[in-house]
Protein chains: 2
Amino acid sequence: MVEPRWLGEQEAALWQAYRATHRELMRALEARMITNSGLSGADYALLHPLSEAEGGVLRTRDLGRSVGWERSRLSHQVSRMEKRGLVCREECTSDARGSMVRLTPLGRTAIDSAAPDHVAAVRTYFFDHLTTEEQTQLAALLDRVAAGIPMTCVPSDCEE
Amino acid sequence: MVEPRWLGEQEAALWQAYRATHRELMRALEARMITNSGLSGADYALLHPLSEAEGGVLRTRDLGRSVGWERSRLSHQVSRMEKRGLVCREECTSDARGSMVRLTPLGRTAIDSAAPDHVAAVRTYFFDHLTTEEQTQLAALLDRVAAGIPMTCVPSDCEE
DNA sequence: CGCGGGTCGGTGACATGTCAACGATTGTCC
DNA sequence: GGACAATCGTTGACATGTCACCGACCCGCG
């Protein structure tokens, strides 16, 4: 086997820039949200789908799917948020294995007060730098990249 | 003040896709590196500039700047890597406040064995999906976004 | 029915990242 | 020289994320 194709200077710089920019972008959004509403990015990520769900309740499994998190991460985060009164857990009547997560009035207030500024921040820091055409191109690019990422899978999932 | 401009459907989908794809991409790269060489992404991030430095030594401050990390994060990570024998600390002769981080032979072996596959993975999962033109466009886009991100700064830094 | 594999949520141990604070040192200004 | 702010690295407390595992439960099949 021959020498692998190393990254060229431009590629290395792009990779570096991509990672650094993502990190800074997330850091800025997170910091702004925390000072603005006391919510972390993780809090917001869960409160958002809950606030749009019928009655402010979701089954834990469905909440996990809508944010793309693993179960343990979700469980830990819900525990922390429960301790702070943002959400509460309930039994799942249709499946005794499951559980439900419900937005409390405090959680509703929190997400309602945090959302407008967060959306504005995402615009300011991200979308305002993209033309409509660039948005389309970027979406296509992300689709291609995402499709090429190997899944964490049990062996049987790999053949589908 | 009127209703803020909410994200449209396409924008929301793009934002979602961007975050999900980044997360999955990083997860895949990290998992592959760990199974392949036992190094985490954080390990690799530090070993890479060290391996390119003169003599495999860098002042902690400079290492921190080259990866863009805060001092405490860097210090913790170096401590963990020191415990595993990948690097060692040394005194800084030119400035008694400072310290140096040196790549050990074990660390050198680790980065040398991890690098080829990692580079190949970055190609496979990322660069293979981008044309040269797209790389140029993306680099420009990232520059614009990065330039618009407010820095964490002491008040006096804000006016420069 | 009851066995057995899969699903679901939770837990504890640990790795990682952030924040505030400290002690030591350096450089600056008078 | 000496006060004083800034820099440097570290530490401890805590928040977050990952992993392996458990216990309860659902469902299909004999």
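A: Helices (H or I, at least four residues) and strands (E, at least two) are DSSP runs, numbered from the N terminus. A residue is near a molecule or strand if its C-beta atom, placed from the backbone, lies within 6 Å of it. The model is predicted: local features need pLDDT of at least 70, side-chain atom pairs count only at pLDDT 80 or more, and totals for chains, interfaces and linings use all residues. Residues are numbered from 1 along each chain as its sequence is written, and chains are lettered from A and ligands numbered from 1 in the order in which they are written.

Q: What makes up the surface near DNA strand C, and which helix gives the most to that surface?
A: By the 6 Å criterion, 27 residues surround DNA strand C, and the closest are T60(A), R61(A), S72(A), S72(B) and A96(B). At least two residues each are supplied by α1, α3 and α4 of chain A and by α4 of chain B. With six residues, α4(A) gives the most. Ala, Val, Leu, Ile, Met, Phe, Trp, Tyr, Cys and Pro count as nonpolar, Asp, Glu, Lys and Arg as charged, and the others, Gly among them, as polar; on that basis the surface near DNA strand C has four nonpolar, twelve polar and eleven charged residues.

Q: Which residues come nearest to DNA strand D, and which element gives the largest share of the surface near it?
A: Of the 27 residues around DNA strand D, the nearest are S72(A), T60(B), R61(B), S72(B) and G98(B). Two or more residues come from each of α4 (71-83) of chain A and α1 (9-37), α3 (60-67) and α4 (71-83) of chain B. The largest share, six residues, belongs to α4(B).

Q: Why are α2(A) and α3(A) called roughly perpendicular?
A: Axes are lines fitted to C-alpha atoms, for helices over the stretch in contact, and angles run from 0 to 180 degrees between N-to-C directions. Angles under 35 degrees count as roughly parallel, over 145 as roughly antiparallel, 65 to 115 as roughly perpendicular and the rest as oblique. Helix α2 (residues 41-52) and helix α3 (residues 60-67) of chain A pack at about 115°, with axes 10 Å apart; α2(A) and α3(A) are therefore roughly perpendicular. Two residues are in contact if their C-beta atoms, placed from the backbone, lie within 7 Å; A45(A), L46(A), P49(A) and L50(A) of α2(A) meet L63(A), S66(A) and V67(A) of α3(A). This contact has six nonpolar residues, one polar and no charged.

Q: What makes α1(B) and α5(B) roughly antiparallel?
A: The axes of α1(B) and helix α5 (residues 105-125) of chain B lie 10 Å apart at an angle of about 150°. Since angles over 145 degrees fall in that class, α1(B) and α5(B) are therefore roughly antiparallel.

Q: Why are the copies said to meet through the same surface?
A: The contact takes 39 residues from chain A and 39 residues from chain B. On the side of chain A, α1(A) gives the most, with twelve residues. Of the interface residues of chain A, 100% are also interface residues in chain B, so the copies meet through the same surface.
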